[in-house]
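User: I have a chain to look over before a group discussion. Could we go through it together?
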Amino acid sequence: MAADSKSSQLDDIQKLLLERIAKNDTSGFTQLLTQLKDVNFVDDTGMSLLAHASFKGNKEAVQILLDMGADVHLNQHGADYTPLHFAALSGSTDVCRQLLDAGINPSSINSVSRTASQMAAFVGNHACVETINNYITRSGLEYYTQAHGQQTEPLIPPALLSAFHTFVIEINLHPVRIALNAQSLGLLRILSNLRKTLALMCEKEMQKTHDMNELLAFKFHYQGWIVAELIRCEEQFKAQHKEKTAGGEPEVNKNDFIELFVKRVLKENKQGQLDYVEYTLRECAREFPVRECTIFRQIATQFGGKDAPPALVILRNAINGMRGFVDETSYCSTCGQEKPDKKCSKCKAVQYCDRECQRLHWFMHKKSCARLLAASLAGATTQVQSKGPIDTSELQEQLSKLSA
Ligand SMILES: [Zn+2]
Ligand SMILES: [Zn+2]
């Protein structure tokens, strides 16, 4: 009854808006919004317009609604789903992040006592699980944009708060992604303070008497470690450059040492393993300041195990949890980003976020591109992808099958 009276209260514009968002007709939706007085209303199931846009994973519509003052807490849904529950079901990490930025409470539970993150896990939207679990609020970081105690300047300039926040909540832990983020977010000029801040954040997290989150503590430690590696790389780069220019004022381009770092990370040995990453990450884990905690013991055990997976996989799983074997998704060969848009146009066997990622990987990929192309012509693409580089005898066997 109540539902009937509620739906009959919806006017034509409200009804039409709900229809358009259901069809993901973003431009039609946006045009109509100008005729709406208040975006905060619910349909006959108690779902707000924001909840609908979230369920569609429509980040453009969600942003417009938030800008127009949509209330993230408006929720009369019968099963107590918040917009974040709907976003988690949609699989859109962008929408999850927009709602979290707008202050939605990630711990709200629905009528079956599930948080949004748990709902995401339930339907296999792992990236959403990670986005929600890795989230910390921007205001929680404001502390570091103020000078404390003996400091004359804050560790993080206030103007870089948003950039710093974006850097910290990143879920992709690949060292290349961390380096490229630091570059694109304009954080390269404060690397030393960035490292200090992350170390402080780790320390602070471990000192909490309740609600301590050792996964986050380890993540901050890890991010700080990669930043320290970047600093080391920058120093080496400057030293080399100084030798070359012999005395003259070195013209160091900020991008060049990032490139050096990326190549160091991506350099494979003959077995296709990333030696530098393996060494650095194991060192990082060993230096975690707190030994008496589950995550440290878990990582140490796995490192010591027979046929241990790569260190990056071990750390990623320790921080973000195992993804199980539902993983049909592909990753960028350069920065580990999930579901990248582009493929190598020649072999189509490796994937990249964009041209820049492809360019950065070419020094390694050029050695295997032709081989991968031959394999794909032999109809063996999927096998090659799942097994990594193939040896020539295997390739010959496939080729002989093709000509037989
Ligand atoms: Zn990439
Ligand atoms: Zn290729």
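User: Is arginine 114 buried, exposed or partly exposed?
Analyst: This is a predicted model. In it, arginine 114 is partly exposed, because 19 other C-beta atoms lie within 10 Å, while a residue counts as buried at 20 or more.

User: Where does arginine 114 lie?
Analyst: Arginine 114 is in the loop between helix 7 (93–101) and helix 8 (116–122).

User: And which residues does arginine 114 touch?
Analyst: Leaving aside residues up to four places away in sequence, arginine 114 touches Ile109 and Met119. Histidine 85 is 29 residues apart from arginine 114 in sequence, and their C-alpha atoms are 8.9 Å apart in space.

User: Changing topic: how many helices and strands does the chain have?
Analyst: There are 21 helices and two strands. The chain has 404 residues, of which 36% count as buried.

User: How do the axes of helix 15 and helix 17 cross?
Analyst: The axes of helix 15 (residues 275–286) and helix 17 (residues 311–320) cross at roughly 40 degrees and come within 8 Å. Helix 15 is therefore oblique to helix 17.

User: Which residues meet there?
Analyst: Helix 15 contributes Val277, Glu278, Leu281, Arg282 and Ala285, which meet Ala311, Leu312 and Leu315 of helix 17. By class, this contact has six nonpolar residues, two charged ones and no polar ones.

User: What does the UniProt annotation say about residues 332–369?
Analyst: The unreviewed UniProt entry annotates residues 332–369 as "domain: MYND-type". In the model, that span is 32% helix and 11% strand, and its end C-alpha atoms lie 15 Å apart.

Notes. Residues are numbered from 1 along each chain as its sequence is written. Chains are lettered from A and ligands numbered from 1 in the order in which they are written. This is a predicted model: local features need pLDDT of at least 70, side-chain atom pairs count only at pLDDT 80 or more; totals for chains, interfaces and linings use all residues. Axes are lines fitted to C-alpha atoms, for helices over the stretch in contact, and angles run from 0 to 180 degrees between N-to-C directions. Helices (H or I, at least four residues) and strands (E, at least two) are DSSP runs, numbered from the N terminus. Angles under 35 degrees count as roughly parallel, over 145 as roughly antiparallel, 65 to 115 as roughly perpendicular and the rest as oblique. Two residues are in contact if their C-beta atoms, placed from the backbone, lie within 7 Å. Ala, Val, Leu, Ile, Met, Phe, Trp, Tyr, Cys and Pro count as nonpolar, Asp, Glu, Lys and Arg as charged, and the others, Gly among them, as polar. A residue is buried if 20 or more other C-beta atoms lie within 10 Å of its own, exposed if 12 or fewer, and partly exposed in between; C-beta atoms are placed from the backbone. UniProt positions are given in the numbering used here, feature names are shortened, and annotations may be inferred rather than shown by experiment.
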